Amino acid sequence: MSDRTHDLKRFYNLLTMLAKKKTNGPRRLSDCSVRTGWPARGVYFFQESGENRSDTGTGPRIVRVGTHALKKGSRATLWDRLRQHRSGTNRLSVFRKIVGTALMKRGGWVCPSWGRGNSAPREVREAERDLEDVASATIGNMYLLWLAVDDEPGPDSLRGYIERNAIALLSNYDKEPVDPPSQDWLGCYCNREKVKRSGLWNSNHVDEQYDPAFLDTVESLIDQMR
């Protein structure tokens, strides 16, 4: 067994403990609201229907890791970020943008304005509405777990440390695949090579090395969660 496979097994065991003892199981994003009871800040882990582990055990594999408030002074909360993914626009959520590119290629959609610019006039947004709705349904059907990490916003936050190490551990980019995506995974249609080759809805950190010590930090944070 490789060191990475061993660490992935531990990672998934920790998420199982998180689900059973702290979050009452994964929640489907479309069923969540501001009243779900979120910590102010944290790291989230998405699962996707049909995407299962094959080398590290049974159950769903993680397909995206993310956080928020990595800029000093940011007031964004965990729910703010999740809400943008669930029902925002492709210009507010990179997750929505890259899912949309995959939906276009797989379904034959034509939407040339998708993901272009930081803002768009009303007529452009209206032309994108049908694809936005499908992106909302696709992401909203995913389940997630979250880990409370209530540190101050900033690039050196503990949330950022956990996010980038979890992504690097999970990523199959330029590595011997462990828990690879299914052959019909939607991400295979994405226009980002790093998404396709990593098996994650992430581009940042997929080509980095991880620090195994981050798993100790995750375990400690799970113990501290109420």
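**Close-up views of pockets, a cavity and a helix pair**

**View 1. Lining of the second largest pocket.** Three nonpolar, five polar and four charged residues make up the lining of the second largest pocket; Ala, Val, Leu, Ile, Met, Phe, Trp, Tyr, Cys and Pro count as nonpolar, Asp, Glu, Lys and Arg as charged, and the others, Gly among them, as polar. The model is predicted: local features need pLDDT of at least 70 and side-chain atom pairs count only at pLDDT 80 or more, while totals for chains, interfaces and linings use all residues. Residues are numbered from 1 along each chain as its sequence is written, and side-chain values use heavy atoms, with hydrogens and water left out. The lining consists of Glu48, Ser49, Gly50, Glu51, Arg106, Thr138, Asn141, Met142, Ser182, Asp184, Trp185 and Leu186. Strand β2 (residues 42-52) contributes the largest share, four residues. The volume of this pocket is about 190 Å³. On a 1 Å grid over the protein atoms alone, a pocket is an open set of points with protein on both sides within 12 Å along at least five of seven lines, a cavity is a set where a 1.4 Å probe fits but cannot get out, and lining residues have an atom within 4 Å of a point. Points are joined across faces, edges and corners, and a volume is the space filled by probe spheres set on them.

**View 2. The largest pocket.** This pocket has a volume of about 560 Å³. It is lined by 23 residues, of which Thr67, Leu70, Arg81, Glu163 and Asn204 are the closest to its centre. At least two lining residues come from each of β3, α2 (78-87), α3 and α6 (158-170); α2 gives the most, with three. Helices (H or I, at least four residues) and strands (E, at least two) are DSSP runs numbered from the N terminus. Eight lining residues are nonpolar, nine polar and six charged.

**View 3. The largest cavity.** One cavity of 30 Å³ or more is found in the whole structure. The largest cavity holds about 70 Å³ of space. Its lining includes Arg4, Leu8, Tyr12, Arg61, Ile62 and Asp179. Two or more lining residues are given by α1 (3-21) and by β3 (60-66), and the largest share, three residues, is that of α1.

**View 4. Helices α3 and α5.** The axes of α3 (residues 94-107) and α5 (residues 129-140) come within 9 Å and cross at roughly 105°. Helix α3 is therefore roughly perpendicular to α5; angles of 65 to 115 degrees count as such, under 35 as roughly parallel, over 145 as roughly antiparallel and the rest as oblique. Axes are lines fitted to C-alpha atoms over the stretch in contact, and angles run from 0 to 180 degrees between N-to-C directions. Contact (heavy atoms within 4.5 Å) involves, among others, Phe95 and Met104 of α3 and Leu131 and Ile139 of α5.
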